[in-house]
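Open the model in your viewer and keep the selection panel at hand. The stops below run from the whole chain to single residues.

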Amino acid sequence: MTIEIDSGSGFCFGVTRAIDKAEEELRKGQYLYCLGDIVHNSREVERLQAIGLVTIDHGQFYTLRGANVLLRAHGEPPATYRQAEANGIHLVDATCPVVLHLQERIRREYESEGGRSRQIVIFGKRGHAEVLGLVGQTEGTAIVIETLDEARQLDFSRDIALYSQTTKSVEDFRRIVAYIKEHIAPSAAFTFHDTICRQVANRLPHIREFALRHDIIFFVCGQKSSNGRVLFSECQRANANSFMIDSPDDIAPAQLSSVPAPHSIGICGATSTPKWLMELCRQRIEELLRGK
């Protein structure tokens, strides 16, 4: 029996950068708040809280005065920066550079000539932290679509400018682009911008190959991770014996018996999954196998 941890899984650059910034501030002895969970993984959030990071929501943020607040990789809308300035809050801005660049592009689109009359459309998860930051660049006027079916409800007689949340599926984005191209009115303009992070998108073919290489797959992922759901779906398509788990405690003996006499087990995860958590999952599997 072999147990392999996927070398391509684990934190993406943006998440690593945010956690590094948090740890750097905490080492200085700073009392540091984080606006929302720093990463969509409860175990990593708990680890950072144990060394002093305090997670707050937007309601609590508005009551702070003169505090140090970390903005996570997902980014924030302009209103958050305005409130920080009004309240004398020092921001430690850990917005992912890829997300920050996308925010700037959408803001320029909105402020350009005719920007307020065209439909600025964002392919993303409604209510997701990154998407809220993107919509905020348009004073809340951008249209968020989650599926091709929702794209069909757009007004094809008006100009459309399409963008994407950085962690969405490239294939799904291309299907939406193809549909809009086919249905846009001759009098309307359609522009689209593939703003999907390739560090994330390139994990799809890799995770597919990894899942095919093993008899059983344990995909380690927090329940809030949008990127994790996309990657896990790809695992399941490649290998029906794929299980999504949040922690080592979720691994059950019955899952290890889902394949008669398995030869290999693969452990992988989302861009929000820490390597140390995947290592603990390997240890848990080894313990269960010894117990058998």
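Here is the tour, stop by stop.

**Before you start**

This is a predicted model, in which local features need pLDDT of at least 70, side-chain atom pairs count only at pLDDT 80 or more, and totals for chains, interfaces and linings use all residues. Residues are numbered from 1 along each chain as its sequence is written, and side-chain values use heavy atoms, with hydrogens and water left out.

**Stop 1: the whole chain**

Show the cartoon. The protein chain holds 13 helices and 12 strands. Both are DSSP runs numbered from the N terminus: helices are H or I with at least four residues, strands are E with at least two.

The C-alpha trace spans about 65 × 55 × 25 Å along its principal axes.

Of the 292 residues, 53% are buried. Buried means under 20% relative accessible area, exposed means over 50%, and partly exposed is in between (1.4 Å probe, protein chains only).

Colour by charge. There are 34 positive and 37 negative side chains, and the centres of the two sets lie 1 Å apart. Lys and Arg count as positive, Asp and Glu as negative; His and the chain ends are not counted. Each charge is placed at NZ of Lys, CZ of Arg, CG of Asp or CD of Glu.

How far apart in sequence are the contacting residues? Among contacts between residues at least 6 apart, 70% join residues at least 24 apart. A contact means heavy atoms within 4.5 Å.

**Stop 2: the cores**

Select Ile145, Ile160, Leu162 and Ile180. These residues have the most contacts inside the largest nonpolar core, which has 20 residues. Such a core is a set of buried Ala, Val, Leu, Ile, Met, Phe, Trp, Tyr and Cys residues joined through side-chain atoms within 4.5 Å. Strand E6 (119–123), strand E8 (160–164) and helix H8 (170–183) each supply at least two residues of this core. H8 gives the largest share, 6 residues.

Zoom in on Ile180. Leaving out residues up to four places away in sequence, Ile180 touches Leu154, Phe156, Ile160, Leu162 and Phe190.

Next, select Val15, Val45, Ala73 and Val99. They are among the 19 residues of a second, separate core.

**Stop 3: two loops with positive phi**

Select Glu139, in the loop between helix H6 (129–136) and strand E7 (143–145). Its phi is positive, about 55 degrees, although Glu139 is not a glycine. Is Glu139 buried or exposed? Glu139 is exposed, at 59% relative accessible area.

Go on to Ala261, in the loop between helix H12 (253–256) and strand E12 (264–269). Ala261 is not a glycine either, yet has a positive phi of about 50 degrees. Ala261 is exposed, at 61%.

**Stop 4: two distances**

Select Ser7, in the loop between strand E1 (2–5) and helix H1 (13–27). Ser7 is exposed, at 66%. Draw a C-alpha to C-alpha line to Ser233: 19 Å in space, 226 residues in sequence.

Finish at Ala50 in helix H2 (residues 42–50). Ala50 is exposed, at 68%. Its C-alpha lies 27 Å from that of Tyr81, 31 residues apart in sequence.
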